[in-house]
Amino acid sequence: MSAKAISEQTGKEFLYKYISPAAAVQNRFRYASVTAETDFDRLAQEHPWLLTEKLVVKPDQLIKRRGKLGLVGVNLDLNGVKEWLKPRLMKETMVGKAKGILKNFLIEPFVPHKQTEEFYVCIYATREGDYVLFHHEGGVDVGDVDAKAQKLLIGVDEKISEDQVKKELLTKAPNDKKAVLASFIVGLFNLYEDLFFTYLEINPLVVTKDGAFVLDMAAKIDATADYICKSKWGDVEFPPPFGREAYPEEAYIADLDAKSGASLKLTLLNPRGRIWTMVAGGGASVVYSDTICDLGGVDELANYGEYSGAPSEQQTYDYAKTILSLMTREKHPDGKVLIIGGSIANFTNVAATFKGIVRAIRDYQEPLKEHEVTIFVRRGGPNYQEGLRVMGEVGKTTGIPIHVFGTETHMTAIVGMALGHRPIPNQPPVAAHTANFLLNSSSSASTPTSRRKAPLSENKSRVEGSPTKKVKTGASVAKATTLFSKHTKALVWGMQTRAVQGMLDFDYVCSREEPSVSAMIYPFTGDHKQKFYWGHKEILIPVYKNMGDAMKKHPDVDVLINFASLRSAFESTLETMQYPQIHTIAIIAEGIPEAHTRKIIKAADEKGVTIIGPATVGGIKPGCFKIGNTGGMLDNILASKLYRPGSVAYVSRSGGMSNELNNIISRTTDGVFEGVAIGGDRYPGSVFTDHVLRYQDTPGVKMIVVLGEIGGTEEYKICQAIKQGRITKPVVCWCIGTCATMFTSEVQFGHAGACANQAAETAVAKNNALKEAGAYVPKSFDELGEVIRSVYDDLVAKGVIQPAEEVPAPTVPMDYSWARELGLIRKPASFMTSICDERGQELIYAGMPITEVFKSEIGLGGTLGLLWFQRRLPRYACQFIEMCLMVTADHGPAVSGAHNTIVCARAGKDLISSLTSGLLTIGDRFGGALDAAAKQFSKAFDSGMLPMEFVNKMKKDGKLIMGIGHRVKSINNPDMRVQILKDFVKQYFPSSQLLDYALEVEKITTSKKPNLILNVDGLIGVAFVDLLRTCGGFTRDEADEFVEIGALNGIFVLGRSMGFIGHYLDQKRLKQGLYRHPWDDISYVLPEHMSM
């Protein structure tokens, strides 16, 4: 959604902050906001002018014509404002058909003025530029400004001037006010452009001898420009239309949407309603709402919303649980229905999203049964069979009635079932195609040959190098009639390997001689080659960092598919148009600011380039070429017969609905000749008539299908072309969004352009006009397929269409990764892990989510316990681990590990190399005695050997007792690290048998030599054995296994790494040079035979 209304206060704040000082605006920032919680004494302190001036008060809730509705209090003091508010604040009011509560009011200084000093100014965006409207008589009685006002069109990329304003707009304005008005209008237009407004109306604008006063203001801004205007806008609040409350759940979903690359939308219409929807796709969500309203469910429709753009399982879960939470708060006497619908997805993994919904259903199964909820499901797309299976399964296991349907069922049929208008089939028909349909039964690895005659328009003489006919579009350069052929070559901007592989698989089943993708452009890596499959064979496609290099090396390319993000799509598209070889550009990104799109359109018109998009999946020409993910995966391409041309061409706004049209047309006719989704934005790069006129001029197209929608007036151009005889082929047309006229408040649907700003832009008005013009218009979307079939059958009967003989579809090998996801194959994993799982929404350590790790405050010791020992250890054990890390962190620069680290650091090596050098010295002689000490002492203790026997045996065997002895410390100079750890073990461990045994050994060894003490390695080793054996978390075998596999030495390695890193940083900070060992510290000796 791009153009969003802002409050009057927000609009004026922007104006006062950023309008040019030359505009002579008065009363800057003199406004105060009032709600039910407002403390008027404090308000007066913050705004002292409230006590000294006459005031105006009015609601600030997107209400039009407040003056005529008696909702403006004028020329009042502050007490008068309070009295005026008493019967209005927090009171329910009717405004048109909308009923709502007046909550927010705005107080401003009253501006005394004459009627002749009131003017009307408005700026609004259109495809060709921005219109500035001015009328010399403003105020509440301004009337029909479209008919009365002077208009000035400022074209895209054009500048406005004061002379222009005076000449075109101010002819009837008073002469003494023209200078101020011209300066103000120029300043206002520049502000409008700089802050990405799409609509800005001031009525009245009052101009007195003191300057310009903005009395009432209404505005919309392009919300997609947030990344450009954030520093100026700040955090903008977009209030809901009057009559609809702002719910926290809507804000929660909006926040999820902002953090996701997918699209998640939710609008609550009637939280007490019994009909709830969870629909995939912007276009499909409108179609389902239309059908519900057509079947009489408008008063019970609880919500409008959509999820699309391949949301993850977790995101879908979060979305679904929000819907389920809302619908299970209040019971309905007739029970409730949940419609989980959608068109046939192009690239969303249906099973993954449905698994998120299934999780939510399981979590809410009791409330759903308590509220008597029945669920109806219809979906298609990648892996939809598995998605439908898990959905049906959860119905059986939970006892919730869930009715599941796939692509064999018309998209909106489940609405009739849910509302009791059509029977629910006991045994839904099963789709003939499954994932297995893709597997090649032939042993041949060669490219399949074409086995179906192409229509006449596609015979060899017309398969082109350059198109044979041009269509005039009003631009300075004509555009091609034929956009794609069997020889079309494309560049893909962006590292979209899945989309490219889909294009190559499509090429393969269409029997193309060469891949349609010549190269990819990706500025974030160097030039390289990317591996893809061409049938069974692996091929390499070049990837270029620079667009110029790609164009130069591939002069036969004339299409660019732009997968750049919304932030970079504008620049990359303009760069593309610098190369004359490009005739068609598809822009996939959604959310490009409208001002940028209009600049793209202008440049494209000047250069004769056809733009498809933005906010589109693209388009497809069966048997020839497809854009990116259009048409979905191969099972849908084969099921919808998109591997060969039919006779029906279509144009749609919605990408998801274009795939649904593929399905409908394939089931009711001989198939699709070409289909384009122009995109859901207000200003698509190409419009309906651009493509409809192309189809009219293409011999292979025998009939045309148009799926329009609410918003804009492009469909009227089709009406005009039919009436003028420019279009003579049968046109079947339906505009979605008919439900909008039934809602009491304005609803912004999923597509940015799906909003009617005037009566002519409603879907109902456009459908009526199309029918009157001679197009075939069904009564509802439900009947669209029947009307298409009827028109097609008539053309066949007349001999206009001669259906070709159908042949079995060609096959292509399935990708290994996709086959595995579908569960068709299995293979042993290369690795196994049981300590960590990063695949879900949240990182998991040994079964514990990372949020729980922090919430439980288990610390570093507890985290180590999870990752090393796969247990949640007792608090004292976690503390002991942390103490061990602290005492082993460092022991000065003289020890071998620290010495090595320092030498490496001074040799200019990096941190990793220096640390590794130090770690490699750890072993039995340095630091690695923890494991050895634990093994020696536990073996002796477990065998029943007395401490004296153990000491004597080790002496007899000529072995050192690991963990005994210290170079510096002794019985008379104890190691405080040992003392600290020993005291902790004695105080907190349930038992310390092995430590006690080691201390008895120490008594014997120190009696012989005072430095043969139990050192820190030995103490940690034996204490850890006590910990593992007595903390209650391990069996004896498990405890012994951890000692055996070297877990205890890990404590020293981890702890000492901290010290080694410290030494590295210390040497770098001290800027120490290369170390060279002094000669006088080396004893140079000759070999024995030479010295003798």
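# Loops, prolines, helix pairs and a pocket

Q: Where is the place of Ala24?
A: Ala24 lies in the loop that runs between α1 (8-18) and β2 (32-34). Please keep in mind that this is a predicted model.

Q: And what is phi of Ala24 near?
A: Phi of Ala24 is near 60°. That is a positive value, and it occurs here in a residue other than glycine.

Q: Let us turn to prolines. Is the peptide bond from Asn203 to Pro204 cis or trans?
A: The bond from Asn203 to Pro204 is cis, and its omega is near 5°. Pro204 itself belongs to strand β11, which covers residues 197-208.

Q: What about the bond from Gly613 to Pro614, cis or trans?
A: The peptide bond that joins Gly613 to Pro614 is cis, with omega near 0°. As for its setting, Pro614 sits in the loop between β28 (610-612) and β29 (619-621).

Q: Now helices. At what angle do α29 and α30 pack?
A: Helix α29 (residues 896-906) packs against helix α30 (residues 911-919) at an angle of about 155°, and their axes are 7 Å apart. Since angles over 145 degrees count as roughly antiparallel, α29 is roughly antiparallel to α30.

Q: Is the crossing of α29 and α30 left-handed or right-handed?
A: The crossing of these two helices, α29 and α30, is right-handed.

Q: Which residues make the contact?
A: From α29 come Gly897, Asn900, Thr901, Cys904 and Ala905, while α30 provides Ser913, Ser914, Ser917 and Gly918. By class, the contact of α29 with α30 holds 2 nonpolar residues, 7 polar ones and no charged ones.

Q: How do α31 and α37 pack?
A: Helix α31 (residues 929-942) and α37 pack at an angle of about 150°, with axes 7 Å apart. The two helices, α31 and α37, are therefore roughly antiparallel to each other. Their crossing is right-handed.

Q: Which residues of α31 and α37 meet?
A: In α31 they are Ala929, Leu930, Asp931 and Ala934; in α37 they are Ala1047, Leu1048, Asn1049, Ile1051 and Phe1052. The contact of α31 with α37 has 7 nonpolar residues, 1 polar residue and 1 charged residue.

Q: And at what angle do the axes of α33 and α35 cross?
A: The axes of helix α33 (residues 976-988) and α35 cross at roughly 15° and come within 9 Å. That makes α33 roughly parallel to α35, because angles under 35 degrees count as roughly parallel.

Q: Is the crossing of α33 and α35 left-handed or right-handed?
A: Helix α33 passes α35 in a left-handed crossing.

Q: Which residues of α33 and α35 meet?
A: Arg977, Val978, Leu981, Lys982 and Val985 of α33 meet Val1016, Leu1019, Ile1020 and Ala1023 of α35. The contact of α33 with α35 includes 7 nonpolar residues and 2 charged residues, with no polar residue.

Q: One last topic: how much space lies in the second largest pocket?
A: The second largest pocket holds about 1100 Å³ of space. It is lined by 33 residues, and the closest to its centre are Ile964, Gly965, His966, Arg967 and Asn1015.

Q: Which elements give two or more residues to the lining of the second largest pocket?
A: They are α32 (947-956), α34 (993-1008), α35 (1016-1030) and α37 (1047-1069). Helix α32 gives the most to the lining of this pocket, with 3 residues.

Q: How does the lining of the second largest pocket divide by class?
A: The lining of the second largest pocket has 13 nonpolar, 10 polar and 10 charged residues.

Technical notes:
Residues numbered from 1 in each chain as written. Predicted model: local features only at pLDDT ≥ 70, side-chain atom pairs only at ≥ 80, totals over all residues. Heavy atoms only, no water. 1 Å grid on protein atoms, 1.4 Å probe; cavity = no way out; pocket = protein on both sides within 12 Å on 5 of 7 lines; lining within 4 Å. Points joined across faces, edges and corners; volume = space filled by probe spheres on them. Helix = DSSP H or I, 4+ residues; strand = E, 2+ residues; numbered from the N terminus. Nonpolar A, V, L, I, M, F, W, Y, C, P; charged D, E, K, R; others polar. Axes fitted to C-alpha atoms, helices over the stretch in contact; angles between N-to-C directions. Parallel < 35°, antiparallel > 145°, perpendicular 65-115°, else oblique. Left-handed = near helix turned anticlockwise from the far one by under 90°. Contact = heavy atoms within 4.5 Å.
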